[in-house]
Amino acid sequence: MSMFTYMNKLLALPLLVVMILMSHGCSMGGQLLKEAESVKDTPKGEVIVVGEIELTPKLAEDEQQLDASGVIDLFGYGDMNKNRCMVQFNEKPEASNYKSMINPELGKIFAFKVPRDMRYIVNGSVLTEFTRHGNTGEILLPAWFKIDIKPTDKAVYIGKIRYTRDDFNSITKVELKDDYKKAKKYFTKKFGKQYKLRKSLIEDI
Amino acid sequence: MLIRTGRWIKIFVTLFIILPSILLSSGCALFGTEESVDANDKTLSVIFGHFNMEEAPSWGGIDWVSVKQYKPKVGYYQAGVDEGLFWHIGVTNGSIQVEQFGRNTRFYSNATYTYNFGSKGRNETSRIIKKPGVYYLGSYKYVPVESGSFFQPDNFDMKKTKSPSEKELLTLVLKKMQEDSDFSVYKHQIGMIKKRLKQL
């Protein structure tokens, strides 16, 4: 065995280990709940949550650095966060580690399938910097809300949450807007007239 | 024999030329990018402050302080550091704050330390610079905060302190600038520092 072949084999093992660790690292990005494509295909144990999250001022092009040098983004973690936020749902009013997240696009109406028993929104953030050391920059969105979900609900509208930030990405104001008409129009166009979107605005816990 | 010689040349090249080159280039990257500051640019400001890291796990103080500019566009300044004092003489107008600071390796330790100060919102070092001047970002002391749980990492606070004072630190910055030929060409900054010292 030549020195170079030996070195190649020697390098292959750590490379493999790094790849495995990286794939684990990427999955730490969170268990994402899926966007709703149809009401009919939504399982009984889930409800479609419709709403909107707005960040003002909007993110500028250079404010998110999601292309970490030295990291192969196998699972598209950067794209998952581009102009998007991460919002966590839970059965209890307490944060859990990177589970049951939705990643709606900022300033756009979203519709995600959420387990029916997850009535609490417990965490929110916008990733601004992703490096090989992990998530090193975030805008923390105060999120501590409750949603009223009835057993008969197929879809609920939770409102438009507007976060105002200062120059340093601290949230200075949180407002809830009722933009049901716009959401209903979106919902009808996407899912059809036959389904009801019940207004159930979020409440502070 | 020729083949053997060729193999030895490859090994020699790998061990003594390629590997040292890679290591050297990594070493150079540790020093960060050199930022050149135009000595004639009168729109620039001086920023400075102090971190007392006596109670930090990273013995031997800090080696670098990264100041982030948020507005008008995102950018970073690598401040000069000397025994807790940090300063930069080429900051443009905008919103800035210390984002991270840390320690490089030492001869007695391979560990590097990075402390996050403001990557998740505003901190006390934040300043909105609207016109060129001398801006004191404050003096702070590292205070460890125990998580109370074996499974949770410990945290820290940077507690604002009165000592060393703005005047003491600025006097030090001025001394460094006047004594170092690389810095003494920055007459505009030196003038602003002297003016500020008269006010203190």
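In which loop of chain B is Pro72(B) found? Select Pro72(B) in this predicted model, and you will see that this proline is in the loop between strand E2 (64-71) and strand E3 (75-82) of chain B. The peptide bond that joins Lys71(B) to Pro72(B) is cis, with omega about 0°.

Asn83(A) has 15 other C-beta atoms within 10 Å, so it counts as partly exposed. Another asparagine to select is Asn169(A), placed in the loop between E8 and strand E9 (171-177) of chain A, with a positive phi of about 65° although it is not a glycine. Asn169(A) is buried, because 22 other C-beta atoms lie within 10 Å.

Now turn to the largest nonpolar core, which has 42 residues, and select those with the most contacts inside it: Val49(A), Val50(A), Val87(A), Phe112(A), Ile121(A) and Val156(A). Among the elements that give two or more residues to this core are strand E1 (46-56), strand E5 (120-131), strand E8 (155-165) and helix H3 (180-191) of chain A. Leaving aside residues up to four places away in sequence, Val49(A) touches Phe112(A), Val114(A), Val156(A) and Ile158(A). Finish at a second, separate core of 32 residues, which includes Ile47(B), Val134(B), Tyr140(B) and Tyr142(B).

Definitions and conventions. Residues numbered from 1 in each chain as written. Chains lettered and ligands numbered in written order. Predicted model: local features only at pLDDT ≥ 70, side-chain atom pairs only at ≥ 80, totals over all residues. Core = buried A, V, L, I, M, F, W, Y, C linked by C-beta atoms within 7 Å. Buried ≥ 20, exposed ≤ 12 C-beta atoms within 10 Å, placed from the backbone. Helix = DSSP H or I, 4+ residues; strand = E, 2+ residues; numbered from the N terminus. Contact = placed C-beta atoms within 7 Å.
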